[in-house]
Amino acid sequence: MDFARDVRSGLTAQNKALPSKYFYDAVGSSLFEAICNIPEYYLTRAETEILTAKSQEIVDAVGTPIEMIELGSGSAIKTRFLIDAAFARQQRLRYRPVDISTAALDSSTRALQREYPGIIVDGINADYLNGLARISRNGARRTLSLFLGSNIGNFEPDEAQRTLGALRSVLEPEDGLLLGADLRKDRETLERAYDDPLGVTAAFNLNLLARINRELGGRFDLASFRHEAAWDEVIGRVEMRLVSRAKQDVRIDGLGLVVHFEAWESIHTESSYKYDDASVRSLAESAGFKVGGKWVDGANRFADYLLIAK
Ligand code: AVI
């Protein structure tokens, strides 16, 4: 299984790291939903503000009738603004969400089918690249693909380019990609967003160790690790880490592995890249898109870019 393989290689590496996609088991997906409602985590509210006001303009800019593909759909709450806008112009809509979380995909599919009689939901339970490999091109209708919520930010720049390139390869020229990108801003705002006073983001981060305990027979004592989030303004990303409070050895029975930690040694668990116009434009160009539109929230914290396939 990928999780076992990736945990072994990540925790035996010189600089310990775990892929952030493993945050999203059932517990982690629920914690992420909670994060989206925390006052300090402005991203979801900022993007909701944009989509509430601009979804019709966005859908009309692509041209209807459309089909929709979404990478990392989660609960698909924000997607509903775009779905509503599509249904204002057409009676049926095929929607193909790709999500790594079975629980989130199942519950959002059921809810959407209940709410929209004209919707056909073809959910794909996979990570992005495997999910995209299961999508065939659709020549008949325009496609509006969605990559919202700053999900792109969790990729290293080369992976971001590869993922958008894979998405581009299932699109036709003139199809659209609505890309939600968190914008670069002051350190205090960014670090509070990723280290909230309620400790929900800390729980979200620590759940990765709890998941290793649950699924791989790990013996991590969660209290002996501390959540940390730091903005690196040179690289332009917030880094999340789990820091060992003491020198310790942790057994992972299912892997037959003992992991040694020095005091204050850390595991890198997530990067969250922040964008600006220049970095979005160069990412878009390198993946075969051009920038066709941009919408920001009132406080200029978050942007949705409409990229058009070339
Ligand atoms: C899912 N992703 C866009 C979130 C982010 O902001 O990078 C994950 C997250 N990590 C901590 N809080 C939220």
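How far from an oxygen atom of the ligand does a polar side-chain atom of Ser272 lie? The distance for Ser272 is 2.6 Å, and the protein buries 99% of the 340 Å² that the ligand exposes when taken alone (Shrake-Rupley areas, 1.4 Å probe). Keep in mind that this is a predicted model, where local features need pLDDT of at least 70, side-chain atom pairs count only at pLDDT 80 or more, and totals for chains, interfaces and linings use all residues. Residues are numbered from 1 along each chain as its sequence is written, and side-chain values use heavy atoms, with hydrogens and water left out.

**Around the ligand**
- Tyr41, Asn154, Tyr194, Glu270 and Ser272 come nearest of the 14 residues around the ligand (a heavy atom within 4 Å).
- The side chain of Tyr41 has an N or O atom 2.5 Å from an oxygen atom of the ligand.
- For Asn154, a polar side-chain atom is 2.9 Å from a nitrogen atom of the ligand.

**Nonpolar cores**
- In the largest nonpolar core, of 65 residues, Leu178, Ile212 and Ile252 touch the most other members (a core is a set of buried Ala, Val, Leu, Ile, Met, Phe, Trp, Tyr and Cys residues joined through side-chain atoms within 4.5 Å; buried means under 20% relative accessible area with a 1.4 Å probe, protein chains only).
- Helix α3 (residues 42–62) gives the most to this core, with eight residues (helices are DSSP runs of H or I, at least four residues, numbered from the N terminus).
- Another core lies apart from it, with 31 residues including Leu167 and Ala287.

Terms used:
Polar contact = N/O pair within 3.5 Å; in protein donor to acceptor, adjacent residues only side chain to side chain. Buried < 20%, exposed > 50% of the residue type's maximum accessible area, 1.4 Å probe, protein only. Helix = DSSP H or I, 4+ residues; strand = E, 2+ residues; numbered from the N terminus.
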